[in-house]
Amino acid sequence: MCGIVGYIGHREAYPIILKGLKRLEYRGYDSAGIALYDGQDIKLSKTKGKVDDLERRVENEISTNGSLGIGHTRWATHGVPNDVNSHPHYSNSGDLVIIHNGIIENYESLKKELTNRGYTFNSDTDTEVLINLIEDIKKSENVKLGKAVHIALNQVVGAYAIAVFDKNKPNEIVVARLGSPLAIGVGEDEFFIASDASPFIEYTNNAIYLEDEEMAIVRRGKDVKIRKIKDDSLVNPYVQELQLNLEQIEKGGYEHFMLKEIYEQPHAIKDTYRGRLSLENAIIKMAGVEDHMKKFLNADRIIIVACGTSWHAGLVAEYIFEDLARIPVEVEYASEFRYRNPVINENDVVIAISQSGETADTLAAIKLAKSKGAFVFGVCNVVGSSIARETHAGAYTHAGPEIGVASTKAFTTQITVLTLIALRLARAKGTISSSDFRMHMLELEMIPDKVEKALASDDHIKMIADTYKHATNCLYLGRGYNFPVALEGALKLKEISYIHAEGYPAAEMKHGPIALIDENMPIIVIATKKGHYEKVVSNIQEIKSRKGKIIGIVTEGDSTVKELADHVIEVPETLESLSPLLTTIPLQLLSYHIAVMLGKNVDQPRNLAKSVTVE
Ligand code: G6P
């Protein structure tokens, strides 16, 4: 939700901020803006639309000189996306300027107070209230900007990552975070500020990640002073060396990040199990699990909390954990879990799944579970993210940066990690035989090559996409392990092509969706050999009798479904428990091609954002 960038140093700030905003556009892209200090004054330009629109506007509107600046790409919360509501926002005097990612929940009461004190507001945003609160404190208490920000943040309720500067003190930027990420890139006599490290990775590998409830004053050519927002105590900056490289965050010859990320899956899956699975020694080892084995083995149940695609990975995990490790599992939408007074205690293990590690609802669900004494384990992709830090232990997926808003490689690597955990626990509990355990490991090691094979159907899938691109509704069916894959397939199509799609357990079709079926309705049925195959074939017959158009996702060499279906897409054979890692691939490609053919913005679908840091 919203990307923020800032620069203070010896270079021209504008190109750095502009490129940084383009890299952060996955976080929100309904409007964008920039404020530069040109040596005398603030030059501000902002617009509804994308960063490209901003670039065009800046060229006609302002001079771009200056080595201090901040920029913002927005996902609207308060106030519709328009020029006025775009960030940055000035204070009433025009001296201060702010960018903000998050929500100030008590902005209405603060706005009332400020209005009574003579402040006026141009926009509908909570952010403009915050910058005027800071200005009011600065003036009335006669304090410096840093102190005013500190006092103001103690008065606000909500979530934020902010960057503020004062044109009368153009040698510093004040930043703060609570609930939204903020990284400070530390270069030679220069500092970068960003929602993640991608805007500054080509300039420096050294970064400070602010913790929640910390603020920092970043001083040109000097240092970074970090303080706790609550008690004003000083914090020693911890500078970490990042492993990220530029190649990982560029498209590398692919037309879209989503396609690149789909094709990265064989590697990403391998990277995720590498070093954890040893076929030679017949062991699976994951530090986060080993260190807390007792907690897992004594757990009455596992509760999985997540949102979106990560929730679908959680549903797959439910089948794996129950099947292999015989531990009861419940899978919850984090947003529901956190507000429904769940029964939860010290004997529960909560697994939180999140690609970004920043999803506000998942983070809140973790805090709730911890407050009730549960042990919380995180499965995240982004190293050092809020969820990774908030959980008691965890295991990273090693998918590398995922930039396309529609999640692809995060999903398959989440399933990989969760499979490893389930197998490890199953072995420890003795619910899996050593031969079965070995077979699972062997099959898992073959998955990257099999994903590669599944990707080889791309051209065939493109032709199918061409046939159905004008469909207005689509149904996705699967059973058992592949029911969550059906949900994920439908979500992918919805997200990027805006075609209405629903995922259903194949047998449930009879209880409603069957009424929708006619000769115009494409129905994607996952009918791999091991997953209740005959039952799914019967479901296909039922669709056929109603003239629905059938696209079967089948095991290589299948002939039964081939005869019934209008099209089939083959995936290699594997264990039923690992089949989601393969059946997902054609569904990702199908959505991708349909969306491209419809001319949609695949990497930045309307209204969505990659990292949802508001509830
Ligand atoms: C957003 C993204 C989805 C993602 C979901 C959960 O809706 O667009 O792709 O699955 O958030 O995100 P997380 O980072 O917690 O996995």
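Predicted model: local features only at pLDDT ≥ 70, side-chain atom pairs only at ≥ 80, totals over all residues.
Local features were taken at pLDDT of at least 70 and side-chain atom pairs only at pLDDT 80 or more, whereas totals for chains, interfaces and linings use all residues. Residues are numbered from 1 along each chain as its sequence is written, and side-chain values use heavy atoms, with hydrogens and water left out.

Two packed helices are described by the angle between their axes and the distance between the axes. Here, helix α7 (residues 265–273) and helix α14 (residues 409–429) have axes that come within 9 Å and cross at roughly 30 degrees. The axes are lines fitted to C-alpha atoms over the stretch in contact, with angles from 0 to 180 degrees between N-to-C directions. Helices (H or I, at least four residues) and strands (E, at least two) are DSSP runs, numbered from the N terminus. The crossing of α7 and α14 is right-handed, in that the near helix is turned clockwise from the far one by less than a right angle.

On the α7 side, the contact involves Gln265, Ala268, Ile269, Thr272 and Tyr273, which meet Lys409, Thr412, Thr413, Thr416, Val417 and Leu420 of α14; contact means heavy atoms within 4.5 Å. Five of these contact residues are nonpolar, five are polar and one is charged, where Ala, Val, Leu, Ile, Met, Phe, Trp, Tyr, Cys and Pro count as nonpolar, Asp, Glu, Lys and Arg as charged, and the others, Gly among them, as polar.

Lysine 409 also takes part in a salt bridge with glutamate 264, at 2.6 Å from N to O; the term requires a side-chain nitrogen of Lys or Arg within 4 Å of a carboxyl oxygen of Asp or Glu. Glutamate 264 sits in the loop between α6 (257–263) and α7, and lysine 409 in helix α14, so the pair ties together parts that are 145 residues apart in sequence. Lysine 409 is buried at 2% relative accessible area, while glutamate 264 is partly exposed at 22% (buried is under 20%, exposed over 50%, partly exposed in between, with a 1.4 Å probe and protein chains only).

The salt bridge count comes to 41. Among them, aspartate 41 and lysine 167 meet at 3.3 Å, N to O. Aspartate 41 belongs to the loop between β2 (31–37) and β3 (42–48), and lysine 167 to the loop between β7 (158–166) and β8 (172–178), so this pair links parts 126 residues apart in sequence. Lysine 562 pairs with glutamate 570, their closest N and O atoms being 3.5 Å apart. Shared partners also join Lys19, Arg23, Glu202 and Glu250 into one salt-bridge network.

Most residues other than glycine have a negative phi, and most peptide bonds are trans. The bond from histidine 87 to proline 88, however, is cis, with omega near 0 degrees, and proline 88 is placed in the loop between β4 (68–74) and β5 (89–90). Asparagine 142 has a positive phi of about 50 degrees; this residue lies in the loop between α4 (126–140) and α5 (145–153) and is exposed at 70% relative accessibility. Lysine 547 likewise has a positive phi, near 70 degrees. Its place is the loop between α18 (533–545) and β26 (549–555).
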